[in-house]
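Please look over the model below before reading on. The points that follow are meant to be checked against it one at a time.

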Amino acid sequence: MQFRKVDSGSTLCLWALLCAGIAFWVQPAAGQATLVIRGAKVYPISGPPIEHGVLLAVNGKIVAVGEEGKVKIPRGATVEDATGKVVMPGIVDSHSHIGIIANPLAEDSGDANESTGPIEPGLRALDAIDPADPNIRMATAGGITTANIMPGSGNVMGGQTAYVKLRGNTIEQMLIPGSIGGMKMANGENPKHYGAKDKAPMTRMEEAALARGIYEKATQYKAKWEAYNKAVAAGDKTAKQPDRDLDLEPVVEVLEGKRVVHNHTHRADDIMTAIRLSEEFHYRLVVQHGTESCYVADELAKRHIPVSFTMVDSLGGKFETMNLDLGCPGTLEKAGVKVALNTDDPITSSRLIIREAALAVRGGMSEEAALKGLTIYPAEMLDLGDRIGTLEPGKDADFVVLSGPPFSVYTHVLETWIEGQKVFDRSNPQDLRYATGGFAVGDRFPASPRGGN
Amino acid sequence: MRTLRWFTLLICVASATTLPAQNIAVLADHLYTMADGTQGGPGMVLIRDGRIEAVRTGPHQQAPEGYTSLKAAFVTPGLIDADTTAGISGAYNVPADQDQDEATDPNTADVRTLDSFNPSERLLKVLNQYGVTTVQSAPGPRNPIAGRAGIFKTAGTGAGPATVEQLALRQESAMVFNLGDTPKATYGKKEKAPSTRMKTAEIIRHALADAKAYEEKWDKWKKDGTDFSKQPSHDMKLEALVPVVDGKLPAIFNAYRADDIDTAIRIGNEFHLHYVLASVTEGYLIADAIRRAGVPCLAGPVMQRFESLQTANATFENAAILKRAGIPIALMTGYESYVPKNRILLFEAGIAAANGLGMEEALRTVTAGAAKILGIEDRVGSLAPGRDADVALFDGDPLEYTSHVLAVLVSGQVSYQRR
């Protein structure tokens with residue numbers, strides 16, 4: 001990609017901008033970074049595609065998106081010509097295990113499943129994420145800028161998920177400020193593995209019972225604290241503070257609606273069980289995987305429950321994925337369900353997330369819904385819809401530059417940007433390896449630091 | 001191109017108990033015969049009695065009288081998956097349907113895919129729906145000497161389930177050898193040999209040397225043996241390896257890491273085997289050595305998970321780099337231990353095409369190129385008179401994500417039709 005600095009400001013340009021009454025970004029203050037991407041077909045997602053679009057970002061935030069000629073380019077801006085290319089919002093992977101199941105997958109590199117559970121709400125994905133995992137850079141090579149990194153599906157309640165931007169050398173740099181993440185739950189086949197150890201659960205019945213048990217406990221814990229706080233507020237000096245319970249605190253956050261439940265669930269009856277529990281305890285639910293979700297599309301639609309769908313090449317590998325169907329996301333779309341397409345990395349390499357959506361299009365989903373399924377819908381599933389997921393003024397300058405139409409196999413991700421910083425550039429031979437794989441990118445040592453925020 | 005829709009298919013497959021032979025004309029806007037000549041122009045393939053009768057290229061083709069006509073934007077030969085466990089490693093992935101690895105003995109040269117192959121396996125239907133009409137179905141990755149592969153069609157020509165004999169192009173097509181992480185992980189865990197790559201190589205070399213000695217012993221006895229008390233005893237494993245050391249039965253060496261590929265070449269050359277390399281994850285790192293050895297490669301699926309250290313170095317560009325080095329290549333989907341239970345050859349070809357191989361070359365690796373390496377080019381892999389009428393019809397570029405397979409023919413019978 002060609003970079004060029006607009007080094008001399010045109011008074012005419014400045015005048016026009018002042019007239020437009022949007023002069024505040026015309027002359028950025030010292031240290032402000034003004035970035036312009038021009039010439040590309042821009043998919044803002046919040047509106048129809050713009051054939052010759054301009055994206056303007058200052059200090060990592062989008063300031064303007066519009067047609068060439070309608071967005072004024074301020075002096076001193078770094079201008080990138082993307083003529084003939086395609087720009088879309090940074091992709092949001094609503095179901096990922098990068099960093100927590102590291103590449104290469106070896107016995108000691110998997111930290112997703114604490115198989116001593118099965119109820120582990122106190123676990124935090126953030127305590128096990130390795131920012132140096134090559135999979136994270138491979139995800140940026142696939143256009144992913146934000147991910148929901150989750151514990152695995154081996155436990156009924158697997159732990160707290162982390163909503164992260166794919167940059168930085170520490171988990172603290174990766175975490176999105178103000179975001180506490182979600183809660184991972186699982187039902188169906190996977191948690192039943194405890195049965196082989198003569199432990200519960202070994203049936204779906206017990207999975208549900210265990211889930212109901214922890215919510216019941218958290219409900220009582222919440223009530224206890226509320227009573228205590230009420231007494232203190234009323235001036236009761238004799239009130240004794242209840243013991244703090246690190247397991248129950250995040251479950252209370254679920255009950256309070258602060259934390260959404262990401263429920264691994266494939267079979268239609270398992271999905272209905274997940275819904276049943278969410279209604280009993282009044283918590284917010286995202287159906288994760290949802291292999292048979294199209295069988296209960298109407299049930300999901302009428303409750304406005306979204307599906308984070310996992311698309312894979314073929315059915316099977318386990319019973320609950322035997323009915324995998326490329327047509328499922330399209331069926332959900334027609335029923336009015338919001339669908340995201342995820343990788344479940346390492347199930348599918350993060351580099352191929354656009355392909356997952358393309359396969360949904362192959363199965364009958366509209367391109368528009370598939371694009372939303374990579375951007376704004378997963379952003380909303382992570383309660384980040386006001387911050388990312390579209391190219392609109394005020395949102396983070398997270399975007400992807402593609403070589404051609406988004407859903408063609410021949411299209412490559414050329415660049416990935418997070419908050420105005422380029423984190424992947426296919427024209428850089430080092431970066432290219434993270435797109436294609438090979439040449440020891442699986443080895444963490446050649447992975448050079450990406451730079452923090 | 002995608003607007004050119006599929007004409008109504010007039011063939012009734014559902015209710016017939018035996019399917020009548022049909023004369024079919026397949027008309028294409030873009031015909032890829034993968035036989036000699038330029039590819040991708042308009043044309044027509046005529047099918048009679050399950051075989052290709054004639055191929056006509058050029059615009060404005062008309063189906064002759066008495067032929068049912070099928071029309072599609074793109075038409076290719078049925079695809080060939082050069083090495084997969086489909087047919088013996090079932091979709092449910094439970095002990096009941098997993099028959100790919102007899103992991104009780106590192107040498108199971110005596111076993112055959114033929115004796116486990118389930119023609120009703122659902123994954124075969126899935127592969128068929130993605131245009132795959134022929135598979136070399138091979139034992140799995142766990143034994144150093146894993147047994148014999150076979151080459152089978154993915155669908156029969158009758159209305160009911162076919163027998164494995166009916167599907168077979170080659171009941172025994174190759175002997176499978178496995179190097180690298182998997183055999184030593186399988187047996188090392190049980191405190192049995194092999195627990196190192198050294199031992200895996202030794203087990204294979206030992207068996208091949210024994211097979212040679214066995215053959216000589218029998219030849220000698222057959223020549224002048226009248227003393228039946230001295231007749232050599234039969235050994236099923238060694239007997240199975242005799243055609244391998246004679247170069248009559250090809251050997252497939254599954255090797256992932258570059259040094260394992262090199263080990264395969266070393267053993268193959270030492271015993272003068274007729275062999276191919278399979279999986280070859282790091283083949284791109286030693287393409288020169290492979291070319292010098294003159295060995296074809298069955299390149300493994302690059303969208304596969306990085307499930308072990310030996311596949312951590314996989315690159316989407318492997319096929320392109322091997323091809324550029326002048327190595328004959330085919331693509332394979334191999335073995336999957338979890339979700340998805342089988343990779344799809346058509347999708348793998350798409351990734352290869354988009355990462356340096358190009359559409360036509362990628363198509364060749366899964367049709368004519370694969371047929372040549374497997375030695376079945378007189379039957380399948382190209383659309384030419386006399387070949388089996390195995391044909392795939394598409395509504396767009398076959399390798400595009402958003403194209404659809406409209407129909408698949410196996411020996412002139414419609415095995416799949418898009419609803």
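**Notes on the two chains**

1. Pro346(A) sits in the loop between strand 15 (339-342) and helix 9 of chain A; helices (H or I, at least four residues) and strands (E, at least two) are DSSP runs, numbered from the N terminus. The peptide bond that joins Asp345(A) to Pro346(A) is cis, its omega being near 20 degrees. This is a predicted model, in which local features need pLDDT of at least 70, side-chain atom pairs count only at pLDDT 80 or more, and totals for chains, interfaces and linings use all residues. Residues are numbered from 1 along each chain as its sequence is written, chains are lettered from A and ligands numbered from 1 in the order in which they are written, and side-chain values use heavy atoms, with hydrogens and water left out.

2. Buried means under 20% relative accessible area, exposed over 50%, and partly exposed in between (1.4 Å probe, protein chains only). The buried set includes the charged-type residues Arg355(A), Glu356(A) and Arg362(A), where Lys and Arg count as positive, Asp and Glu as negative, and His and the chain ends are not counted. After the helix comes Gly364(A), with a positive phi near 120 degrees.

3. Where does Asp133(A) lie? Its place is the loop between strand 7 (91-96) and helix 2 (134-141) of chain A. With 1% relative accessibility, Asp133(A) counts as buried. A polar atom of its side chain is 3.0 Å from the backbone nitrogen of Asn103(A). Beyond neighbours within four places in sequence, the contacts (heavy atoms within 4.5 Å) of Asp133(A) include Ile98(A), Gly99(A) and Ile101(A).

4. Ala227(A) belongs to helix 4 (residues 204-233) of chain A and is partly exposed, at 47% relative accessibility. Between Ala227(A) and Leu285(A) there are 28 Å in space, C-alpha to C-alpha, for a separation of 58 residues in sequence.

5. Chain A as a whole has 12 helices and 18 strands. Of its 453 residues, 59% count as buried. Among its contacts between residues at least 6 apart in sequence, 68% join residues at least 24 apart.

6. Chain B has 11 helices and 15 strands, and 60% of its 419 residues count as buried. Its C-alpha trace spans about 70 × 50 × 40 Å along the principal axes. For contacts between residues at least 6 apart in sequence, the share joining residues at least 24 apart is 69% in chain B.

7. In helix 3 (residues 181-188) of chain B, the buried residues are Asp181(B), Pro183(B), Thr186(B) and Tyr187(B). Their cover includes strand 8 (168-178) and helix 4 (197-224) of chain B. The loop between helix 3 and helix 4 holds Pro194(B), and the peptide bond from Ala193(B) to Pro194(B) is cis, with omega near 0 degrees.

8. Most residues other than glycine have a negative phi, and most peptide bonds are trans. His272(B), in the loop between helix 6 (258-270) and strand 10 (275-279) of chain B, has a positive phi near 50 degrees and is exposed, with a relative accessible area of 64%. Ser279(B), in strand 10, has a positive phi of about 70 degrees and is buried, at 6% relative accessibility.

Terms used
Polar contact = N/O pair within 3.5 Å; in protein donor to acceptor, adjacent residues only side chain to side chain.
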